[in-house]
Amino acid sequence: MARRAHAVARRDCLMESARSRRPYICSGVLSLTLSDTIYDPLHLLLMTSSLPQSFRQLIKPIEAVGFSLADLEQAFLATIGGEDSEDDEVCDKCEKEKEKEKEKTSPRRSSKSKGDKVSKLRDSVRLHKSHGSEANNALRHAKLGRALHGRFELHGDPHDLDEAITHLSTAMAILPPRHKHRPMYESNVGLMLCVRYEHTHADKDLERAVTYCRNSLNTLESQFGDSYSAIDKAWYRANLATALLHRYERHKQLQNLEESLTIWKTAISSLPDGHPDKASYQSNLSAVYLARYQNTNSIEDLDRSITSIRAAIRGTPTDDIHWVVYKYMASSLFFKRWTRSHREDDIDRSIEAGKAALAALPNKHRYSSKYQSELATKLLSRYDQTGRLEDVNEAIDLSKDAAVTFAHASYPAERNSTPFSRLTALSQALTKRFEKTDEISDLDEAIKHAKQAAAIADKSRSPERHTSHFTVANLIYTRFERLGQAADLDESISHSNIAVDATPGSKSQKDREDLSEKLSVLSSHHLTRFEFQREPADLDAAVNFARTALELKKAGDGDGPLNLHPHPATRYALALALFRRFEQTGDLNDLEGALKNAQLAYDAVSRPSPASRRLSLSTSRTAVSPETDSRKTLYQSLLSGVLCARYKRLGNKEDLDGAIAHAEAILQATPPDHPLYEMYKSIHEFALKASPPEERASTPEDVIAQVREEAEQAKASKDPNWGRIMLRLCNLRYLSG
């Protein structure tokens with residue numbers, strides 16, 4: 001009942017607007033195109049304006065706000081025609097012209113256009129051109145232009161929008177400069193140009209839009225100031241504020257944003273409480289504050305944006321479709337503030353508002369799947385902060401529902417868009433639950449949905465193609481680590497290669513960092529496959545990928561010393577690959593390269609105080625115990641192994657002393673129940689066994705035989721530590737040469 005009452009009140013205002021020959025605006029929402037904005041141009045309703053914009057607002061779905069399509073068309077034509085709409089009746093002269101044209105028109109063509117509002121208006125423009133009055137001919141062009149714009153909003157044909165702008169411009173040109181309707185037509189042309197700019201991003205359209213909207217407002221205030229109320233002028237101000245915001249987004253000139261903000265405030269202050277458009281203006285003000293926040297990073301602007309959208313929510317009935325949109329905006333704004341503050345009440349409010357917006361949508365609404373997938377993302381973010389498994393379970397349910405709802409999208413454009421983000425969100429949620437519960441079925445399902453998302457990205461040539469394949473590669477490698485199936489390792493490498501090929505090149509430092517990370521992972525995967533299949537090609541690939549990753553990292557370093565930009569993780573990956581290849585080929589260059597990069601990686605993460613003694617390639621058997629840093633311990637273990645290998649190759653006693661000192665420091669800092677303790681213990685043992693013969697307690701072959709026997713026993717008894725023992729055995733065999 002309340003919904004119907006609100007719709008009737010809005011329609012009454014619309015009809016009253018038609019009788020008074022002033023524009024009426026239905027409440028709407030500004031759609032921003034900011035690079036990281038929370039507003040989706042396909043989702044949010046456009047800026048408030050004259051009635052043609054109500055096509056954007058009421059189309060989805062029209063019945064949700066109490067209008068039928070016939071009601072909408074009748075009100076639309078009545079408003080743009082005003083009291084002169086009856087002039088469209090065909091006069092005697094027009095009737096004769098029409099009869100002549102009818103004789104030349106085929107029955108098929110005439111039946112096709114029968115009942116078409118645009119065709120009727122086009123006929124009216126053409127037939128009255130020679131004998132219609134100046135004002136009425138302008139009115140006919142305006143009505144045709146707005147009808148074409150309405151059809152553009154329904155079907156998306158850009159030719160309709162171009163023709164709409166042409167006819168509205170013609171209407172403006174026909175009227176003399178001081179005609180009372182000229183400012184309205186001029187502002188409408190500006191608004192249409194804004195709409196076209198959203199699709200073409202042509203600077204010419206944007207500048208003309210600003211010019212027309214500003215001229216119409218200036219003309220209204222200078223020539224007809226007493227004839228129009230502040231409420232009437234608010235519409236013109238809103239159009240100009242919209243154009244200025246688009247220009248700010250295009251050129252990032254802060255003065256455009258500040259002027260848009262000032263105009264929005266003036267427009268809002270001129271509307272009384274309870275005015276049907278005030279809520280939409282407040283939502284637009286919220287969007288402008290958000291734009292300024294993205295420029296200044298001032299939390300006060302984000303707070304003001306949230307305050308404005310909450311005011312819009314309070315001023316809108318809960319059964320109005322715009323209330324849903326405002327709730328969605330509030331959810332996104334609270335989430336944005338949570339990413340800054342990490343306050344639990346912000347993420348709670350974001351999820352609460354998102355659930356309210358989703359619950360208020362009609363069943364199988366075209367945006368249900370979007371709301372569900374975004375709400376799932378927010379639930380996963382809260383899980384990361386609180387660790388509550390119920391958030392992950394709810395996120396998975398929502399993501400699955402989103403995939404189902406997507407198939408019922410009401411509009412062809414929505415059905416043709418890819419469900420990439422929905423599948424990605426579902427895969428992410430399943431991955432998080434696998435990490436919590438260790439259920440392999442969740443990992444399998446996560447891989448399945450990640451592959452589907454990657455296939456969609458391939459087909460659509462999405463810019464996220466490299467990310468999707470990299471995600472698939474990591475998930476499959478996780479399953480390989482769990483199950484040890486060689487096919488998973490091969491598939492992981494295949495997806496990693498696709499991700500590397502699809503990653504943008506060295507256009508920026510960010511691109512180089514991203515590509516370097518992928519190459520380091522790919523190097524690690526090739527090295528793992530070598531351990532299983534012993535193919536030299538994998539070793540070469542591991543070294544080449546690791547070396548390229550380091551070169552990409554160093555590309556942005558300049559000419560400074562190495563210790564200023566050590567890139568420890570990348571150097572460790574290269575050192576490990578070079579060391580493994582040295583163990584197979586005996587190339588001393590590989591050994592020296594491994595030693596150099598392992599030392600730099602270790603030095604970068606150790607950062608000892610000036611008073612402490614630092615381990616180097618020489619002298620002391622005393623090592624500084626590493627801090628509780630897994631990277632530092634790992635890098636130190638590699639350094640110890642490389643030093644030991646060089647001692648065995650060159651016989652330099654200082655290398656052996658350094659290797660033993662590092663190994664002892666690692667063991668002292670590692671608890672016995674640590675997963676890598678056995679590996680560190682084997683490194684220490686081999687460092688000791690590499691001492692002169694009189695210091696040896698037993699030969700390396702004896703140690704290997706003993707560890708092999710332990711591995712066989714662990715495998716037979718299905719001991720969960722079998723993998724660790726096998727890893728130790730591998731290290732012993734490699735180090736023994």
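Q: Axes are lines fitted to C-alpha atoms, for helices over the stretch in contact, and angles run from 0 to 180 degrees between N-to-C directions; what angle do helix α16 and helix α17 make?
A: In this predicted model, where local features need pLDDT of at least 70, side-chain atom pairs count only at pLDDT 80 or more, and totals for chains, interfaces and linings use all residues, helix α16 (residues 344-360) and helix α17 (residues 368-386) pack at about 160 degrees, with axes 10 Å apart. Residues are numbered from 1 along each chain as its sequence is written, and side-chain values use heavy atoms, leaving out hydrogens and water.

Q: Why is α16 called roughly antiparallel to α17?
A: Angles over 145 degrees count as roughly antiparallel, and the pair packs at about 160 degrees, so α16 is roughly antiparallel to α17.

Q: What makes residues of α16 and α17 count as meeting?
A: Contact means heavy atoms within 4.5 Å, and among those that meet are Ile347 and Leu358 in α16 with Tyr371 and Leu375 in α17. By class (Ala, Val, Leu, Ile, Met, Phe, Trp, Tyr, Cys and Pro nonpolar; Asp, Glu, Lys and Arg charged; the others polar), this contact has 7 nonpolar, 7 polar and 5 charged residues.

Q: Which helix supplies the largest share of the lining of the largest pocket?
A: That share, 11 residues, comes from α24, which spans 509-533. The lining as a whole has 24 nonpolar, 13 polar and 8 charged residues.

Conventions. Helix = DSSP H or I, 4+ residues; strand = E, 2+ residues; numbered from the N terminus. Parallel < 35°, antiparallel > 145°, perpendicular 65-115°, else oblique.
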